Amino acid sequence: MTALAAELSTSLADLLADPDTAPLGPHTAAEDRQHLAYGLPGIALLHIERAAAGLAPWHRAHAWLAAAARQPFTSGADSHPFYGAPALAQALACAADHLPGSYTRALTILDEQIARDVLARLTAARRRLDAGQLPPITEFDTIRGLSGYGAYLLRRTPDSPAVRTVLDCCVRLTEPVTHDGETLPGWWTPTAPTGRPDLDRFPGGHANSGMSHGIGGVLALLALATRRGILVDGHHDAMRTILAWLDRWQEDTGHGPAWPYWVTRAELRGGQLAPSTPRRPSWCYGTTGLARAQQLAALALRDTSRRIAAENTLVAALTDPVQLRATTDMGLCHGFGGLAHIAARMADDAHPSTAGQLRALIPALLATICPPGTDPKAAAAAAVNEAGPGFLDGAAGIALALLAPATTTPPRTAWDTCLLIA
């Protein structure tokens with residue numbers, strides 16, 4: 001299955017080889033081209049990784065970066081880690097890491113703009129914290145908020161004051177707040193995952209658990225910073241606060257632990273979760289992303305028991321037919337591609353007692369994506385047609401997610417740091 005998955009990855013990349021002829025679809029038009037999730041920068045990441053691994057020529061990566069930069073990029077308040085100037089910077093930085101001297105001027109301009117934007121975000125966050133107000137979800141999440149900016153800054157300028165200030169803000173986010181007479185976790189947000197109020201679904205707000213829009217991303221950022229030796233006051237206590245919350249709301253599926261996507265005000269008051277349908281164990285929301293965040297936290301805290309528990313949790317989730325049936329696509333965000341990639345990442349960092357079990361999961365995941373007898377070229381064409389060409393849900397992300405599991409080689413670039421899994 002590994003050879004077939006590698007062929008599918010290559011076929012997907014070949015279909016997306018040229019930005020002038022690739023089947024781009026509506027999401028790469030107009031302003032959407034600036035989006036890391038489904039625009040041109042995300043597709044560039046695929047070609048940068050393949051070039052860095054010696055699997056394809058660099059001119060493909062250069063062509064996509066040139067196409068992405070053909071028009072001005074959004075910055076300031078209308079941008080975020082997955083949109084506008086920061087999205088382009090993510091891709092350029094991955095290329096520059098392997099091509100010393102390349103894209104230096106462009107990255108300098110982008111990094112200066114990102115630093116200004118982060119400062120504005122931090123100023124607003126500190127003002128909100130000092131006023132005792134609840135945070136909008138877009139203040140701190142991975143896709144649109146400070147966790148995502150922190151992931152980029154940790155890569156590019158790990159010793160900068162901006163990194164420490166972002167981490168300080170994340171630590172403060174874990175301090176409890178009193179609102180309407182109730183004590184709530186500091187990341188309790190009045191907005192829905194969309195970033196907008198939704199009184200029908202979330203009356204009284206919610207605490208989001210996810211890696212994409214919740215406290216899982218904050219935990220992963222704090223853990224990754226710790227592993228790089230970057231600590232601020234209260235750093236480890238903040239991680240333990242998040243871990244305690246996840247422990248409190250952990251469910252037993254009958255096949256292993258799982259976590260809710262979020263906790264509502266009614267659930268918090270009642271002390272238990274409402275009944276729900278089986279949840280897919282994805283990166284964005286679900287067991288896989290949170291297992292990786294907890295593994296990273298356990299490594300940072302040198303907590304061997306929690307590390308092994310996180311790894312066993314992933315083994316349980318990825319051998320649970322109920323959870324796997326809830327997974328219905330092949331993408332990176334919430335599909336089988338993301339499951340295979342994170343399984344490979346976790347296996348690389350796993351305790352010797354669980355590493356083999358994690359690696360043993362990967363062939364079955366790849367077989368789900370590429371069943372025996374699959375024609376890689378036909379499957380690639382179908383994937384682009386059905387899922388689009390993009391990074392988070394589409395063909396570029398599937399191709400990237402297959403590389404490490406299929407080749408048993410960790411990524412050569414930092415393409416997945418934007419997901420806070422590395």
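Predicted model: local features only at pLDDT ≥ 70, side-chain atom pairs only at ≥ 80, totals over all residues.
1. Ground rules. Local features need pLDDT of at least 70 and side-chain atom pairs pLDDT 80 or more, while totals for chains, interfaces and linings use all residues. Residues are numbered from 1 along each chain as its sequence is written, and side-chain values use heavy atoms, without hydrogens and water.

2. Make-up and overall form. The chain holds 18 helices and 6 strands (DSSP runs: H or I of at least four residues for helices, E of at least two for strands, numbered from the N terminus). Its radius of gyration is 20 Å, close to the 22 Å from the globule rule for 422 residues, so the chain is as compact as a globular protein of that length. That radius is taken over C-alpha atoms, and the rule is 2.2 Å times the number of residues to the power 0.38.

3. Of the 422 residues, 59% are buried (under 20% relative accessible area, 1.4 Å probe, protein chains only). Among contacts with a separation of 6 or more, 70% join residues 24 or more positions apart. Contact means heavy atoms within 4.5 Å.

4. Helix 3. This helix spans residues 58-68, and Arg60, Ala61, Trp64, Leu65, Ala67 and Ala68 are buried in it. They cover an arc of only 160° around the axis, which puts them on the same side of helix 3. The arc is that of the directions from the helix axis to the C-beta atoms. The cover over these buried residues includes helix 1 (2-15), helix 2 (40-52) and helix 4 (85-96).

Technical notes: Buried < 20%, exposed > 50% of the residue type's maximum accessible area, 1.4 Å probe, protein only.
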